[in-house]
Amino acid sequence: MLSTEQAKAAIGQVQSIINGGFTDQISALDAQGKILSDPNVWDGPLATQFRGSTWPETKAAQDKARQELEELRTQLQKISQDIFSAGGGA
């Protein structure tokens, strides 16, 4: 088994990015998309297109990304535990 300091550092950085607000940014985008989807806030041909297809497709992609980030976070936790319990040596 090989686990370099570089691998440990990379795992830490990915965890930091996920925990440091990436999922919060997805939530912030969702909130703004909901506002733009309200015909009382924005209406017209482009707004109709946004509400009908652009935003629903984007929202689905965001939800999938959020789910995959949560799965990645769980997997990274397992990997980290495995690396540290093994001593991180070659």
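Me: Before anything else, what is the expected span of a helix?
Reply: The expected span of a helix is 1.5 Å times one less than its number of residues. The structure discussed here is a predicted model.

Me: What span should α1 have, and how far apart are its end C-alpha atoms?
Reply: Helix α1 has 32 residues, so it should span 46 Å at 1.5 Å a residue. Its end C-alpha atoms are 45 Å apart, which agrees. Helix α1 covers residues 5-36.

Me: Where does α1 bend?
Reply: The bend in α1 is at Asn19, and it amounts to about 45°.

Me: Which residues of α1 are buried?
Reply: They are Lys8, Ile11, Gln15, Ile18, Gly21, Thr23, Ile26, Asp30 and Gly33.

Me: Which residues of α2 are buried, and what do they pack against?
Reply: In α2 the buried residues are Ala47, Phe50, Trp55, Gln62, Leu69, Leu76, Ser80 and Ile83. These residues pack against α1.

Me: Let us take Gln62. Why does it count as buried?
Reply: Gln62, which lies in α2, has a relative accessible area of 8%. Buried means under 20%, so Gln62 falls in that class.

Me: What is Gln62 in contact with?
Reply: Neighbours within four places in sequence aside, Gln62 is in contact with Ile26, Leu29, Asp30 and Trp55. Of these, Ile26 and Asp30 are listed among the buried residues of α1.

Me: How far apart are Ala7 and Ile83?
Reply: In sequence they are 76 residues apart, while their C-alpha atoms are 9.3 Å apart in space. Ala7 is in α1 and is partly exposed, at 28% relative accessibility. Ile83 is one of the buried residues of α2.

Me: Changing topic, how many salt bridges are there?
Reply: A search of the whole structure finds eight. In general, side chains of opposite charge can pair when their charged atoms come close.

Me: Which side chain does Asp30 meet in a salt bridge?
Reply: Asp30 meets Lys34, with an N to O distance of 3.4 Å. The two residues are four apart in α1, which means that about one helical turn separates them.

Me: Are Lys34 and Asp30 buried or exposed?
Reply: Lys34 counts as exposed, at 51% relative accessibility, whereas Asp30 counts as buried, at 9%.

Me: What about Asp63?
Reply: Asp63 forms a salt bridge with Lys59, and their closest N and O atoms are 2.9 Å apart. Both residues lie in α2, four residues apart. Asp63 is partly exposed at 32% relative accessibility, and Lys59 is partly exposed at 23%.

Me: Which residues are linked in a network of salt bridges?
Reply: The network links Asp30, Lys34, Lys59, Asp63 and Arg66.

Me: And which residue forms a salt bridge with Lys64?
Reply: That residue is Glu68, with the closest N and O atoms 2.6 Å apart. Lys64 and Glu68 are both in α2, about one turn of the helix apart. Glu68 is partly exposed, with a relative accessible area of 41%.

Me: Last topic: which residues make the nonpolar surface patch?
Reply: Ile35, Leu36, Val41, Trp42 and Leu46 make this patch of about 450 Å². Leu36 belongs to α1 and is partly exposed, with a relative accessible area of 35%.

Technical notes
Residues numbered from 1 in each chain as written. Predicted model: local features only at pLDDT ≥ 70, side-chain atom pairs only at ≥ 80, totals over all residues. Heavy atoms only, no water. Patch = residues over 30% accessible without salt bridge, like charges linked within 9 Å, V, L, I, M, F, W, Y side chains within 5 Å. Areas by Shrake-Rupley, 256 points an atom, 1.4 Å probe, with all protein chains shown as cover. Salt bridge = Lys/Arg side-chain N within 4 Å of Asp/Glu carboxyl O. Buried < 20%, exposed > 50% of the residue type's maximum accessible area, 1.4 Å probe, protein only. Bend = angle between axes of the 7 residues up to and from the residue. Contact = heavy atoms within 4.5 Å.
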